[in-house]
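Could you walk me through the pockets, cavities and a helix pair of a protein model? I would like to learn how to read each feature.

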Amino acid sequence: MDFATRMSRLGTETAFEVLARAQALERKGRDVVHLEIGEPDFDTPKHIREAAVAALDEGWTHYGPSAGLAEMREAVAQDVARSRGIPVSADEVVVTPGGKPILFFTLLALLDEGDEAIYPNPGFPIYESVIRFAGAKPVPLRLREENHWAFDPDELDRLITTRTKVLVLNSPHNPTGGVLSTAALDRVAQAARRHSFSILSDEIYSRLVYEGEARSLASYPGLKERTIILDGFSKTYAMTGWRLGYGVMDTALAKHVARLMTNCNSCTATFVQRAGIAALQGPQAPVEAMVEEFRVRRDRLVAGLNDLPGVRCRMPGGAFYAFPNITGTGMTSQQMADGLLDEAGVAVLSGTAFGSFGEGYLRLSCANSLAKLETALERMHEFLSVRVRA
Ligand code: PLP
């Protein structure tokens, strides 16, 4: 077969490859602690599961509108309005199978060949992949450990050109756990007012914040019209496999994104959307309990990492990842990630899975029990103590 050249521009997500390698080792009888995958290890709360079962019994098994069920769009609009403190109407909401399609569809709808899109690096690998796929130029914005994993605002100013069409932000951030401060967002707002680019604000971890809150750029005066909020149910409600997410955007863009939905998915599963309404409008105690558990694990994992020879780790303010600096071990990120999996039975991701500026780091997910985290830390200690002199 002769494949289209555009396919050579499409990247992938290493997490799924590492998971497959770890599972292959397990099939050979090896014990592996999984810290590679970015999904909550909790079950979807019971009332949400029950709402889906009831929806199936009630006959929510047919096609629905491409942009989402009217009641679902309204529920999302109310939730985003309340959480971000901005007015949001249902026709600004498009419901999709997961948050990822919002990335794919909005970037396809906004980027022309020759346009530039600035994205965080290290960052979620799908940003660069989709920017390239759309034919635009990906422009990495380096996130810096010494800036609490924010970017240098002067550097952002230098990267903006007349061709800059989109700026991608992600806060709380995957993989670093960084949460953009009000000062950093103020600088983005200033730059956005001087130029005319759109902002794709990936807020998929918006509820997973441990100190203070993660503010949305959409809440800045005059910026809502140019900001696309991406959020969803995967992380907040432990619903990764359900595939349910949404975008909040200008109504003209929403129409394009709905048309891309018509061409691609037709609609998001209707019984899943009914479960989503139950998630938004039902009790939030399960979310709060999950965040508390993640906090306990984060504290233990980061303390343990800081006790390892050659490793230091900042306390992440949000999401459920730790992104330790491993330069003191003398290994590259890939060498250490491979060694940990093959020799110590700990599956982690190399920082380079999140872009070139991830060299010198690893990403570990807190989405495993405290007992498993302890085992992973013990194994990492053993692995490093024979390689790194204290
Ligand atoms: N954005 C970020 C930063 C993510 O880490 C993820 C998932 O890992 C997504 C978006 C997409 O999540 P989903 O498509 O499951 O809603």
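This is a predicted model: local features need pLDDT of at least 70, side-chain atom pairs count only at pLDDT 80 or more; totals for chains, interfaces and linings use all residues.

Q: Let's start with the open spaces. What is the volume of the largest pocket, and which residues lie nearest its centre?

A: The largest pocket has a volume of about 610 Å³. Its lining counts 33 residues, and those nearest the centre are Glu 13, Phe 16, Gly 38, Phe 124 and Lys 235. Helices α1 (14-27), α4 (100-110) and α5 (125-133) are the elements giving two or more residues to that lining. The largest share, four residues, comes from α1.

Q: How do the lining residues of the largest pocket divide by class?

A: There are 16 nonpolar, eight polar and nine charged residues.

Q: And what does the second largest pocket look like in the same terms?

A: Its volume is about 440 Å³. Of the 21 residues lining the second largest pocket, Ser 83, Arg 84, Ser 206, Arg 207 and Ala 214 lie nearest its centre. Both α3 (70-84) and β8 (227-232) supply at least two lining residues, with α3 giving the largest share, four. By class, this lining has five nonpolar, eight polar and eight charged residues.

Q: Which strands supply at least two residues to the lining of the second largest cavity?

A: They are β6 and β7 (198-202). About 60 Å³ of space lies in the second largest cavity. Among its lining residues are Asp 202, Glu 203 and Arg 215, and by class the lining has three nonpolar, four polar and three charged residues.

Q: Last one: how do I read the packing of α4 and α5?

A: Two packed helices are described by the angle between their axes and the distance between those axes. Here α4 and α5 pack at about 30°, with their axes 9 Å apart. That angle makes α4 roughly parallel to α5, because angles under 35 degrees count as roughly parallel. The crossing of α4 and α5 is right-handed.

Conventions: Residues are numbered from 1 along each chain as its sequence is written. Side-chain values use heavy atoms; hydrogens and water are left out. On a 1 Å grid over the protein atoms alone, a cavity is a set of points where a 1.4 Å probe fits but cannot get out, and a pocket is an open set with protein on both sides within 12 Å along at least five of seven lines; lining residues have an atom within 4 Å of a point. Grid points are joined across faces, edges and corners, and a volume is the space filled by probe spheres set on the points. Ala, Val, Leu, Ile, Met, Phe, Trp, Tyr, Cys and Pro count as nonpolar, Asp, Glu, Lys and Arg as charged, and the others, Gly among them, as polar. Axes are lines fitted to C-alpha atoms, for helices over the stretch in contact, and angles run from 0 to 180 degrees between N-to-C directions. Angles under 35 degrees count as roughly parallel, over 145 as roughly antiparallel, 65 to 115 as roughly perpendicular and the rest as oblique. A crossing is left-handed if the near helix is turned anticlockwise from the far one by less than a right angle, and right-handed if clockwise.
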